[in-house]
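Subject: A structure for you to explore

Hi,

Here is the structure I promised to pass on to you. Please open it next to this email and follow along as you read.

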Amino acid sequence: MSNVIHIFTGSRVDPKVGVVPRSGECLGCFTHRMVLAGGCSNGLGWAEHYRLVRARRAVTLRRRLTALGARCDCEVIHEIWQPSPVLWTRDPQSGDLAAPSVLPPCEGVRPGSTKPCSWWVSGASLAL
Ligand SMILES: [Zn+2]
Ligand SMILES: [Zn+2]
């Protein structure tokens, strides 16, 4: 009974992880952290949560993310944006590049921003 059941997403999140964006934390890093901790909301629940806590005036956020092709939180961090190529590692056996499972601390964004920090690149621009 110690897990927090998140109201929008229905996800169980360890209270140590928490469901509040860290100070200056960007939408990309927050969503990545939440999907890792609580799983995808099967919608844009985490992105919407970020907006309500950090960027209330970004009322078109959900519409913009949907227009870019994200139907759920994991698509925000795998399709629209992807971790910067500098964070990927190459598997010594297969030679395949592997996305980082845990990101370094967020580089930070200004308050109210829904842009990702410099750890993120546009998914379309990352040609592997
Ligand atoms: Zn998803
Ligand atoms: Zn970030």
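C26 has a relative accessibility of 0%, so it counts as buried (buried means under 20% relative accessible area, exposed over 50% and partly exposed in between, with a 1.4 Å probe and protein chains only). Before we go on, please keep in mind that this is a predicted model, where local features need pLDDT of at least 70 and side-chain atom pairs count only at pLDDT 80 or more, while totals for chains, interfaces and linings use all residues. Residues are numbered from 1 along each chain as its sequence is written, chains are lettered from A and ligands numbered from 1 in the order in which they are written, and side-chain values use heavy atoms, with hydrogens and water left out.

**The zinc ion (ligand 2)**

What does C26 do here? Its SG atom is one of the protein donors of the zinc ion (ligand 2), together with the SG atoms of C29, C106 and C117, and they lie 2.2 to 2.3 Å from the ion. Donors are N, O and S atoms within 2.8 Å of the metal (3.2 Å for Na, K and Ca); water is not among the atoms, so sites may look incomplete. The angles between the 4 donor atoms run from 107 to 111°, which makes the arrangement around this zinc ion tetrahedral. For four donors, that word requires all angles to lie between 85 and 135 degrees; four count as square planar and six as octahedral if opposite donors are over 155 degrees apart and all others between 65 and 115, and anything else is irregular.

Along the chain, the donors of this ion have the spacing C-x2-C-x76-C-x10-C.

**The zinc ion (ligand 1)**

Now find the zinc ion (ligand 1): its protein donors are the SG atoms of C40, C72 and C74, at 2.1 to 2.2 Å. Their spacing in sequence is C-x31-C-x1-C. C40 sits in the loop between α1 and α2, and C72 in the loop between α3 and α4, so this pair ties together parts that are 32 residues apart in sequence. C72 counts as buried at 12% relative accessibility.

**The core**

The largest nonpolar core has 27 residues, and those with the most contacts inside it are C29, W46, L65, V76, C117 and W120. (A nonpolar core is a set of buried Ala, Val, Leu, Ile, Met, Phe, Trp, Tyr and Cys residues joined through side-chain atoms within 4.5 Å.) Two or more residues each come from α1, α2 (45-54), α3 (61-67) and α4 (73-80), and α1 gives the largest share, 5 residues. Take V76 as an example: leaving aside neighbours within four places in sequence, V76 is in contact (heavy atoms within 4.5 Å) with L44, L65, A70 and W81.

Helix α2 deserves a look as well. Here 7 of the 10 residues are buried, so α2 is largely enclosed by the rest of the structure. The cover over its buried residues includes β2, α1, α3 and α4. For contrast, turn to R57 in the loop between α2 and α3, which is exposed with a relative accessible area of 81%.

**Salt bridges**

How many salt bridges does the structure hold? There are 4, where a salt bridge is a side-chain nitrogen of Lys or Arg within 4 Å of a carboxyl oxygen of Asp or Glu. R51 and E48 form one of them (3.1 Å, N to O), and being 3 residues apart in helix α2, they are separated by about one helical turn. R51 is buried at 9%, and E48 is buried at 16%.

E48 also meets R62 in a salt bridge (4.0 Å, N to O). With E48 in helix α2 and R62 in helix α3, the pair ties together parts that are 14 residues apart in sequence. R62 counts as partly exposed, at 41% relative accessibility.

Elsewhere, E75 and R71 form a salt bridge, with their closest N and O atoms 2.8 Å apart. E75 counts as buried at 15%, whereas R71 counts as exposed at 63%.

Enjoy exploring!

Notes. Helices (H or I, at least four residues) and strands (E, at least two) are DSSP runs, numbered from the N terminus.
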